[in-house]
Amino acid sequence: MQAEIVARLIRAHEQSQKYVSGSELARELDVTRSAVWKHIEAIRQDGVKIAAVSRLGYRLSEPDDVLHAGAVDPSTALIGTTYHYLKEIDSTNLEGRRRAKEGCPNGLVILADKQIQGRARMGRQWFSPAGTGIYFSTVLFPENLPTARAALLVPLTAVAVHSALADMGVQADLKWPNDLLYDGRKLGGILLEISGEADQVRSAVLGVGINVNLMGQDLPEELRDVVISLMEIKNQRMGRRQLLHSMLASLDTFYADFQAGSRDFIEEYRRLCWTLGRSIRFEQEGKIYEGTAETIEDDGGLSVRLQCGKMMTIRSGDVHCL
Amino acid sequence: MNLDDIQILIKALEESSLVELVWEVDDAKLILKKAAAYTPISVPTAVTGDVEKSQPEAAVSDAPTEPAAGQVVIEAPMVGTFYRAPAPDAEPYVRVGDIVEVGQPLCIIEAMKLMNEIESEVRGKVLEILADNAQPVEYSQPLFVIEQI
């Protein structure tokens, strides 16, 4: 019911109808006006801003920013065909893993307006306060994906998100393996978690976080120089809904191609990868190495020419650009 | 050819893009294959006598002994970094002597920000943990020995 109300208010916005009256909603949804009012309150509790004007009715205060289930219709084949909006959650990836265990639909997308324990690699935090970003995870049950190939979903997602950002005029830099940077600062990231016994991936939970309307003052001091948001780049508040639709659509296409056997995204990733050609430092087996990032291997590994001239391919850990 | 020569060849193979190196002199033949180059075929859940792993045939140094009957070796399903705990300050998933259930997480292997939680395929007691925390592991490298209960 709440999704239907939000969908109706979105439609009103798209048709330049300013307000939808309580009685109109009550009639359309076949409920009482007081039931409508209760639902509107519940939707507000979910973090959606709804303005009410007496004798006129209701409207969404920021229709382009609403990520509620009723507002999101990605028209995809798989990813996001089941979509759950949560006002807040510990982490969308954790929730995705819980749902995967329970046996949720393939392609389920869980989006949270706020993550209490947004996660990055190895238990690190991902700063994700309410209303400022897009934090979602999709749960995939891939067909015939060997574990050794699963990591390819990271560059695939990076390319898909890059393409969605490019559509809104933002050229993000893809730092190997999972960061989206702008101006050397972190705009977004990807965290992939898989589980499975044996050599086949049973479920993959693919998390994406993008900083959208995050201001310097919202951030803890230590993050101010390392984090950037779309609002800072574009110098205006950005509606999150269009970008979410665009990311889901792009991810849906790339993933369908991937399942069909295409590896074209690797070539695209090579073309876009910001790390290539740079001097980097990284640690492997407790030793620190320096070298120049030369190419991306077909399995997603980063090949580096070390200072001594030898080549080395790295497949895990962090790289620091010098 | 002596052991040093073989080690030089292993090193050369490791740093090259080759996946296999065959060296034949007179009646001696040495075949080196790279573990990481192979897509997994299956992760053994039970004991087999299969020693034709893709380990270099010359390298025998710290290869674990064959597991006894009733013991299951959990191997790495991918190349990556082995972590015994979900976060640096967290308790390890399992310790030697712990009883684990089917589906219980044993460790994480990380590669390219893919976190792969490896689950136990059997119910049993952890007898050995064969890899060190935060160390790289190769495809099919043995990680745990579990005694089935």
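This is a predicted model: local features need pLDDT of at least 70, side-chain atom pairs count only at pLDDT 80 or more; totals for chains, interfaces and linings use all residues.
Chain A contains an open sheet built from five strands, which lie in the order β13-β12-β11-β10-β14. Pairing within this sheet is antiparallel. Its edges are formed by β13 (311-314) and β14 (319-321) of chain A, and each of these strands pairs on one side only. On average, and with direction ignored, neighbouring strands of the sheet are turned by 45° against each other.

One of the pairings in chain A joins β11, residues 287-296, to β12, residues 302-306. These two strands of chain A run in the antiparallel sense and are linked over five bridges. At residue level, A:Gly291 has A:Leu306 in β12(A) as its bridge partner. As background, the strands of a sheet pair through backbone hydrogen bonds, in either a parallel or an antiparallel manner.

**Chain B as a whole**

Chain B holds one helix and ten strands. The overall values for chain B are set out below.

| Property of chain B | Value |
|---|---|
| Buried residues | 40% of the 149 residues |
| Contacts between residues 24 or more positions apart | 55% of the contacts with a separation of 6 or more |
| Accessible surface | about 8100 Å² |
| Carbon and sulfur atoms | 51% of the accessible surface |

How values were computed. Residues are numbered from 1 along each chain as its sequence is written. Chains are lettered from A and ligands numbered from 1 in the order in which they are written. Side-chain values use heavy atoms; hydrogens and water are left out. Two strands pair if DSSP finds at least two bridges between them. Helices (H or I, at least four residues) and strands (E, at least two) are DSSP runs, numbered from the N terminus. Axes are lines fitted to C-alpha atoms, for helices over the stretch in contact, and angles run from 0 to 180 degrees between N-to-C directions. Buried means under 20% relative accessible area, exposed over 50%, partly exposed in between (1.4 Å probe, protein chains only). Contact means heavy atoms within 4.5 Å. Accessible areas come from the Shrake-Rupley method with a 1.4 Å probe; for residues, only the protein chains shown count as cover.
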